[in-house]
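Welcome! Have a look at the structure first, and then we will walk through it together.

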Amino acid sequence: AQDSCAHQCGEQLATCSCQVTCQSLGICCPDYKDFCLQISPYSGTLMGGKDFLINNTAFSASSVLKCSFKRQIITSGYVDKDGKAHCISPLLYETGFIPFEISTDGSTFPYSGTWLSVHHSKVSDGEKCTLVNETKWQYYGTPNTGGNLTLTWTHQTLAATQVNIEVWGYQETGDSYSENWMAEWKYLYTLAREIPNTGKYSFIPVPAEGNYSTWDFGILRIIPSKYLDGQRQIYFLFLFFSPSNIPSIWSSEHALAWHLEKDSRNDPNAWATAKCLEWDRKEELLPNFLKEIIDCPCTLAQARADTGRFHTDYGCDIEKGSVCTYHPGAVHCVRAIQASPQYGAGQQCCYDSTGTQILTHDSTGGSTPDRGHDWGSPPFLKPPRIPGFSHWLYDVISFYYCCLWSDNCDFYMKRRPSSDCRTYRPPRAASAFGDPHFLTFDGLNFTFNGLGEYTLVESDLTSLRVQGRTQQAHFPNGTGAQGTGLSAVAMQENNTDVIEVRYSEDLSLQVLLNKRVLSFSEQTWMDLKGLYLYSTPDQNITVMFSSGSGVEIRGSGGFLTLTVLLPEMFMNHTWGLFGVMNGNPEDDYTFKNKTTMSVHASPQQVFEFGASWAIENGTSLFTYDTEFLLNSFFYGEKHNASFVPVFSPYEDPADPLVEEMVSRCGSDPFCRFDVLTTRSLQVGSSTRLSHQNHKLLVEHLEPVISCGWLEHPTNGRKNDTNYLLGSTINFTCNEGYELTGSQERTCQVSGDWSGDTPQC
């Protein structure tokens with residue numbers, strides 16, 4: 001039908017719309033809600049087994065539902081007693097939004113929606129069953145670890161009186177880094193059958209029968225007892241009909257110490273040592289991934305500021321009490337966000353309480369790079385890019401063999417040495433906030449309070465585009481002020497998803513993905529096309545593009561505060577309101593037509609410069625989904641020439657606000673400007689805070705010189721592990737040995753150590 005959304009969600013039809021913006025514009029086709037599906041929950045683990053409800057579409061009780069994911073994996077759905085349809089998510093070897101479709105006749109799939117597949121470690125604990133005292137599970141059979149093990153779960157999740165508990169193992173088969181390298185989750189055996197669904201099970205583990213006991217990495221699954229053992233959806237790259245649906249509860253993935261062969265219990269150390277040496281021999285034959293991973297930031301301050309390229313490692317987080325089990329002595333670790341291009345490898349960087357990087361050469365608490373990036377990497381589906389599980393196989397289970405189950409950590413550290421920071425180059429930062437004040441990558445600052453939509457930064461290097469929309473500021477009494485503020489920011493790089501962050505009409509912060517409003521109620525981190533998206537609980541939004549560029553946005557004082565971070569490769573490849581990033585502020589007033597203007601230009605001239613960067617409808621990344629946005633920005637001028645702001649507000653000594661402004665703002669010119677133009681001390685305070693944050697960020701991103709790791713002499717020692725500019729390291733020899741060479745060496749501006757190598 002010409003006005004039906006069947007098979008046509010996302011399309012604009014001749015007489016009506018099946019696009020997500022149709023609802024707020026009131027132009028949807030009559031059956032939009034029937035065919036374009038809303039689901040709850042909208043996300044779950046990539047392991048599958050999550051039952052989700054189709055919210056607004058009614059199906060007849062006799063419907064035979066099929067749910068097709070990516071048009072490749074078909075599972076059976078069902079209609080419950082209330083006439084509500086359900087699908088159950090399949091096992092997937094990837095994260096991100098997965099398109100799905102529903103059929104009621106088994107052959108056509110006119111209904112469609114999206115399911116968010118999530119990294120297993122990023123799913124909330126409540127969705128998984130809990131290994132009580134997880135350390136005991138993973139050290140079982142080693143000295144002083146035995147007795148019974150306990151598993152708990154939320155029993156209401158499964159509508160069953162009896163459940164089975166299954167053991168699954170993970171393996172990767174075929175030749176490493178070749179076309180036939182494949183990932184597989186495999187059902188191994190059933191640990192417990194037809195036990196009461198009480199939410200708790202305890203048992204005394206015994207070595208698994210046959211060759212199952214050689215599987216050392218896996219997971220537990222709880223399912224209703226009515227299903228066959230191991231019944232599941234297998235992932236194939238062709239259409240696959242699953243035998244049936246299985247609502248499941250999975251445990252966390254873990255080292256299966258508790259079911260390993262008898263030899264591992266008879267002599268755990270010897271068994272683990274043999275495994276460690278076998279891993280070491282295999283590593284020798286694999287390509288060297290270390291040469292293509294990014295170097296670590298030199299300091300903790302740099303690591304936490306470079307949010308486009310590094311993100312907190314959940315296993316060692318200063319914000320959560322620095323519980324750093326695998327990195328003793330560290331207070332915080334970060335991971336490189338992007339996997340390395342060829343081998344899909346990951347970088348990790350750990351820091352001590354002084355903010356200094358910890359290296360494995362000095363401590364087992366040092367940061368270790370990963371052959372498999374923990375978060376996986378696009379296009380996923382095959383090793384070494386499987387989220388979480390490839391990393392476990394190459395980097396985690398081997399750590400158990402060499403470091404936790406035996407005393408052979410030197411083998412592991414030899415294969416996974418920390419990178420130092422000698423080649424690390426911090427990104428440059430530019431910010432906009434308040435009645436928009438702009439601080440460019442090269443340090444120029446100015447105020448441009450035009451009304452419209454503008455290019456903030458654009459680059460020919462990666463087709464990066466960041467656009468800003470401003471709206472009129474208002475006085476506390478609600479009337480319009482002669483100033484503006486950022487109300488929306490939209491961005492894209494190459495052909496990635498488009499992200500827009502905006503204030504909605506009720507002044508709540510919204511994040512849009514390709515014009516659709518996102519919910520962070522279930523997930524705060526999302527793996528999207530060409531980018532990652534992260535929202536803190538208080539709605540600080542970070543967008544991380546694959547180039548390493550990062551965009552941070554937060555709401556403050558009714559306007560958005562924006563920071564863009566660009567790596568060094570963008571030098572001489574940017575233009576827009578944030579200027580030409582090249583270390584020289586003199587050319588930052590470069591107009592769209594490439595002419596430049598003196599940095600001593602008047603506020604009126606700066607206004608003309610800003611107006612030249614108005615965007616056009618053809619290149620706009622914004623969503624126009626209300627009458628107000630359509631009339632004001634889509635059909636209206638992109639730069640509203642009739643709006644004339646205050647260029648230099650007058651400080652009237654008789655104005656009672658001025659005294660309060662001085663005490664609130666001090667000498668901050670942006671804070672004073674905003675108090676006077678908006679008559680709001682709150683707006684001024686927000687501006688001052690944003691300005692301080694920007695200055696602090698620039699300070700944290702100052703380049704730091706490192707001279708690189710220094711070895712202690714054989715039969716001697718050194719007194720420090722700080723290898724940055726100005727640090728001096730003293731060497732002493734053990735009793736009975738004499739020192740030749742330099743007794744102390746200092747890190748110099750050239751990046752070299754003074755003196756000569758000491759020997760004992």
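Let us begin with cysteine 333, which counts as buried at 0% relative accessibility. This is a predicted model, so please read every value here as computed from it. The partner of cysteine 333 is cysteine 350, and the sulfur atoms of this disulfide are 2.1 Å apart. Cysteine 350 is buried as well, with a relative accessibility of 0%.

The link of cysteine 333 and cysteine 350 is right-handed, with 105° about the S-S bond. Cysteine 333 belongs to strand 20 (residues 332-336) and cysteine 350 to strand 21 (residues 348-351), so the pair ties together parts that are 17 residues apart in sequence.

## Other disulfides

How many disulfides does the count come to? The count comes to 14 disulfides. One of them joins cysteine 67 and cysteine 87, whose sulfur atoms are 2.1 Å apart. Its torsion about the S-S bond is about -85°, so this disulfide is left-handed. Because cysteine 67 sits in strand 4 (residues 66-69) and cysteine 87 in strand 7 (residues 84-88), the pair ties together parts that are 20 residues apart in sequence. Cysteine 67 is buried, at a relative accessible area of 0%, and cysteine 87 is buried with a value of 0%.

Another disulfide connects cysteine 16 with cysteine 29, with 2.0 Å between the sulfur atoms. This link is right-handed, with 90° about the S-S bond. Cysteine 16 lies in the segment before helix 1 (22-25) and cysteine 29 in the loop between helix 1 and helix 2 (32-35), so parts that are 13 residues apart in sequence are tied together. Cysteine 16 is buried at 7% relative accessible area, and cysteine 29 is buried at 3%.

Next, look for an open sheet of eight strands, in the order 24-23-22-35-34-33-32-31, with antiparallel pairing. Strand 24 (445-447) and strand 31 (525-528) are its edge strands, each pairing on one side only. From one strand to the next, the twist averages 15°.

Strand 23 (residues 437-439) pairs with strand 24 in the antiparallel sense over three bridges. Here histidine 437 stands opposite threonine 447 in strand 24. Helix 13 (residues 681-700) packs on the sheet and touches strand 22 (428-433), strand 23, strand 34 (550-556) and strand 35 (559-566). The direction of helix 13 makes about 175° with that of strand 22.

## Salt bridges

The count of salt bridges comes to 24. In one of them, the side chains of glutamate 94 and lysine 70 meet at 2.6 Å, N to O. Glutamate 94 lies in the loop between strand 7 and strand 8 (96-103) and lysine 70 in the loop between strand 4 and strand 5 (73-76), so the pair ties together parts that are 24 residues apart in sequence. Is glutamate 94 buried or exposed? Glutamate 94 is buried, with a relative accessible area of 9%, whereas lysine 70 is partly exposed at 25%.

Glutamate 101 forms a salt bridge with arginine 71, with 2.8 Å between the closest N and O atoms. The pair links distant parts of the chain, 30 residues apart: glutamate 101 is in strand 8 and arginine 71 in the loop between strand 4 and strand 5. Glutamate 101 counts as buried at 14% relative accessibility, while arginine 71 counts as exposed at 62%.

Conventions
Residues numbered from 1 in each chain as written. Predicted model: local features only at pLDDT ≥ 70, side-chain atom pairs only at ≥ 80, totals over all residues. Heavy atoms only, no water. Disulfide = S-S within 2.5 Å. Helix = DSSP H or I, 4+ residues; strand = E, 2+ residues; numbered from the N terminus. Buried < 20%, exposed > 50% of the residue type's maximum accessible area, 1.4 Å probe, protein only. Pairing = 2+ DSSP bridges. Axes fitted to C-alpha atoms, helices over the stretch in contact; angles between N-to-C directions. Contact = heavy atoms within 4.5 Å. Salt bridge = Lys/Arg side-chain N within 4 Å of Asp/Glu carboxyl O.
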